[in-house]
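Have the viewer open and follow along.

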Amino acid sequence: SLASIPASSHPAIRVVFNLQSSGQATPLVHSFTVSYTTQAAAVGLTLVGSPLKVVFGKAVKLSGLLSQGGTGLAGQSVTLAAKPFGTSVFKVFATVTTSSGGAYSTSTKPKKQTAYTASASGVTAPPTVIVNVAQRLTLSVRRSGGKVYFKGTLGPKKRRRVVVVQVRAGKRWKVLARVKTSRRSTFKGVRSLTPGHKYNFRAKTGKYPGLLAGTSRIVRLRR
């Protein structure tokens, strides 16, 4: 049986046979037929996003493998398309060529939750991956006497977004201020705090459609 032999790796076969005579007659072969029917292995394509959650402004790496019958396909074009949250159609943003082993990769910076897909010739089921995006918050704090002055930015730009500035002196975070972003997506404020203590500060904002909640890095003020 030839059923276990893949046609993709063995497109041709060679048949060798040995005819022996019993001494009574000379063997005579009038015809010899080999029927060899098989289906070529399907072309497979994978797609991986790393990481699957990024902060606004950071890049995600999209990579995968184009193969057939377990063998990578080299020098083939792979097309990548994106569908950001709130849209209904995938739009092509990159076309890459596979390596000698069939691998491919590219990078992109999503502005909001985005679905990505990859396609190539012969692929019937294009893979899809979804990358989530968190809002980016920056925060800086300075102290003057018994007051602290804070300011920061929010990305992507969004006017009148509520930003909660928190302070921690000990084990618990407490709300220091609630402010709204300006037209330029900035925020600032001033509050009174007891001098002579160590404080940690951070800024947070809630999620909204297409974007995850955002948290700034922790800013520390010594005594």
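This is a predicted model: local features need pLDDT of at least 70, side-chain atom pairs count only at pLDDT 80 or more; totals for chains, interfaces and linings use all residues.

The bridge belongs to the pairing of β3 with β10, two strands that run parallel and are joined by 3 bridges.

**The sheet around β9**

These two strands are part of an open sheet of 5 strands, in the order β3-β10-β9-β6-β7, with mixed pairing. At its edges stand β3 (53-55) and β7 (91-97); each has a single partner strand, so one side of each is left without a neighbour in the sheet. On average, neighbouring strands here are turned by 25 degrees against each other, direction ignored.

| Strands | Sense | Bridges |
|---|---|---|
| β3 and β10 | parallel | 3 bridges |
| β9 and β10 | antiparallel | 4 bridges |
| β6 and β9 | antiparallel | 6 bridges |

To see how β9 links to its partners, find Ala115. This residue is the bridge partner of Lys83, and Ala115 also stands opposite Ile130 in β10. How many of the 6 residues of β9 are buried? The count is 5, so this strand is largely enclosed by the rest of the structure.

**Thr117, a polar residue inside**

Thr117 lies in strand β9. Is Thr117 buried or exposed? Its relative accessible area is 13%, and because the cut-off for buried is under 20%, Thr117 counts as buried. A polar atom of the Thr117 side chain lies 3.0 Å from the backbone oxygen of Pro127. Leaving aside residues up to four places away in sequence, Thr117 touches Leu47, Thr79, Leu80, Ala81, Phe90, Pro126, Pro127 and Thr128.

Beyond residues up to four places away in sequence, Leu45 touches several others, among them Leu65, Leu66, Val78, Tyr104 and Ala118. Pro127 is also one of the residues that Leu45 touches, and Pro127 is in the contact list of Thr117 as well.

**Arg161, a buried residue in a loop**

Next, look at the loop between β12 (147-155) and β13 (162-168), where Arg161 has its place. With a relative accessibility of 17%, Arg161 counts as buried. What does the side chain of Arg161 reach at 2.5 Å? The backbone oxygen of Gly206 is found there. Not counting residues up to four places away in sequence, the contacts of Arg161 include Gln135, Leu154, Val179, Thr205 and Tyr208.

**The chain as a whole**

Finally, zoom out. The protein chain has 0 helices and 18 strands. Buried residues account for 32% of its 223 residues. Among contacts with a separation of 6 or more, 59% are between residues 24 or more positions apart. The accessible surface of the chain comes to about 14600 Å², and 50% of that belongs to carbon and sulfur atoms.

Technical notes:
Residues are numbered from 1 along each chain as its sequence is written. Side-chain values use heavy atoms; hydrogens and water are left out. Contact means heavy atoms within 4.5 Å. Buried means under 20% relative accessible area, exposed over 50%, partly exposed in between (1.4 Å probe, protein chains only). A polar contact is a pair of N or O atoms within 3.5 Å; within protein, one must be able to donate a hydrogen and the other to accept it, and residues adjacent in sequence count only if both atoms are side-chain atoms. Two strands pair if DSSP finds at least two bridges between them. Axes are lines fitted to C-alpha atoms, for helices over the stretch in contact, and angles run from 0 to 180 degrees between N-to-C directions. Accessible areas come from the Shrake-Rupley method with a 1.4 Å probe; for residues, only the protein chains shown count as cover.
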